[in-house]
Amino acid sequence: MDSISKMPRSKLLAIKRWSCFIAAIWLQSISGTNFDFSDYSSDLKQIMGINQIQLNSLAVASDLGKIMGWVAGLACAFLPTWAVLAIGMSLGLVGYGVQWLILSQIIQPLAYWQVYMLCFLAGNSICWFNTVSFKAAIENFPSDRGMASGLSTSYVGLSPVIYSGLSSILDPGNPSLYLLLNSIVPVVLGVILAVILHVSQSQMEPIEDDADRKFMILCTLIALGTAVYSIVFEFLPHGKRQLELVYFGVLILLLLAPIYIPFKVSINSLRNEVKVNAYISSPEQHNPTSNERCEVGFIETEENKINIQSLDIENPLQTLQNFNDIKSRKFRLTSVPPLGEEHGTLQLLRSIDFWLYYFVYFCGGTVGIVYMNNLGQIVQSLGYSKTPILVSLVSSFGFFGRIVSGLPDYIQKCRKLRKYRPLPRPAWIGIWMVPMFGAFFMLRFMNPTSSVVLYVSTAIIGTSVGAISAIAIPISSEMFGMKSFGVNHNILVTNIAFGSLIFGEVAGIIYDDSHSSSGMDKHPKDSADWHLCMGTQCYEKTFLLWGCVCLFGIVLCVALCMRTRELYESIHKKQCQEIDQN
């Protein structure tokens, strides 16, 4: 303990920062509880005796829970982290737990509106976990927010793989087990991580150095290895419990691998302790001259602590005065600040750039999420029985997409490449929407009953959705500021709820209309096939619609890039200056 207490403050902050980040990764790995809806949706549909439109509405209800996600963002600014996690765990325990009781036939099916509210609570619980994880990534690594947010959110793609692996070990072939795991696992792990996870309320900007960036690259390589394994995992021979235990054990070891980083930071700090003490004890080194500048300083105000790099020792009071002058500059409540400055809720809603950004996400990431929500029925209508494999596959490729979404940040910081003008970050959303557009048209105009077409299209959509959702996190903080990030980003993702409502409803109408025209409604009403549509006609019009919406989103993204070009040029110049100073 004495050695730890004697560490330089910057090293202690680095250990705490990385521990917090790794905890956020683990929290994300079990928070994607909505991704396995397709694994049990067909059984829920049969037990409740509902049609496809009503089933789609239950998926929409889960996404509608994100409308109240701004409450999680607001709570995260005022409540301790453990309290925010406790609220999310409670909502998930009730939302998924009662559904498990229904699907297990332990209790009689509730009224449709009651199950709808349970799905709403379950969907909202995810927002509380996500908000904590997003803030932990961005606030601890503000200079590498693209890579940090991409890495932390990438692990949410492991959730279906983790729950599928646990289900295969405990009770394979029991769809209700997914709901039980969704309700219990986040509670158990959340209680453990609440001790480690701490989102700083002080708005203090951490110091990042070359070592941090090297560790970030190492963490990315570990995540890539985990992503590859999660994809291979689905094609390994399954069936024997011993094999399932081995596969799942390897997955857990890969999840634990990033913990090497905070341990490595701690070991390096202890090794350098003698050098640090010698530096502090040396009068020549400890007392800088008047012409020198401090590497870092902390100015403590009544509200928070601010980290100031390159603080001029000659005139520190003037520096503090200039800072206070900038801080006291206020915009009127109804005015819209320039991009890159802090936006309150009313200012955000009055911003044209926000609504343009909103509909870009609406036409891109949201359409892909609706596809994932309907994947169970799509697979069933095409005559396949391997829904869990495809659900895990789309999530695994989503994991991969979230990881690679942060690579442009690393490329831009390479000294050899920084002379090239980087693309605005929103441009990468448009780039990822192009293959998703192609995947929908592939499903429409090629033979979707071919396993190759279905698997390739699903993998493309999963990768694109993962990348878009990860890219959106740093964009929200860069365009509208960090102060209200939790609230602002949760306002953005309300488009998922509205998109699920609109696109899911239309898909359900087309599905039921195709089912009626195919003559399947001639089955007795008590038959399991009463609400079942079979054939490519069930979703071919829906695929065409989703592809056209995605194409329109690409056009909107071009407009957003033009409006944010100056902002991202200034961000790039600032990053180049930081590299030169280091």
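Cys20 is buried, at a relative accessible area of 2%, where buried means under 20%, exposed over 50% and partly exposed in between, with a 1.4 Å probe and protein chains only. This is a predicted model, in which local features need pLDDT of at least 70 and side-chain atom pairs count only at pLDDT 80 or more, while totals for chains, interfaces and linings use all residues. Residues are numbered from 1 along each chain as its sequence is written, and side-chain values use heavy atoms, with hydrogens and water left out.

**Cysteines**
- Cys219 is also buried, with a relative accessible area of 0%.
- The structure holds zero disulfides, a disulfide being a pair of cysteine sulfur atoms within 2.5 Å.

**Helix α24**
- The chain has 27 helices and two strands, which are DSSP runs numbered from the N terminus (helices H or I, at least four residues; strands E, at least two).
- Helix α24 covers residues 451-480, and its 30 residues should span 44 Å at 1.5 Å a residue, which agrees with the 43 Å between its end C-alpha atoms; the expected span is 1.5 Å times one less than the number of residues.
- Of the 30 residues in α24, 25 are buried, leaving the helix mostly covered.
- Gly481, which comes just after α24, takes a positive phi of about 90°.

**The chain as a whole**
- Among the 582 residues of the chain, 54% count as buried.
- Of the contacts in the chain with a separation of 6 or more, 81% are between residues 24 or more positions apart, a contact meaning heavy atoms within 4.5 Å.
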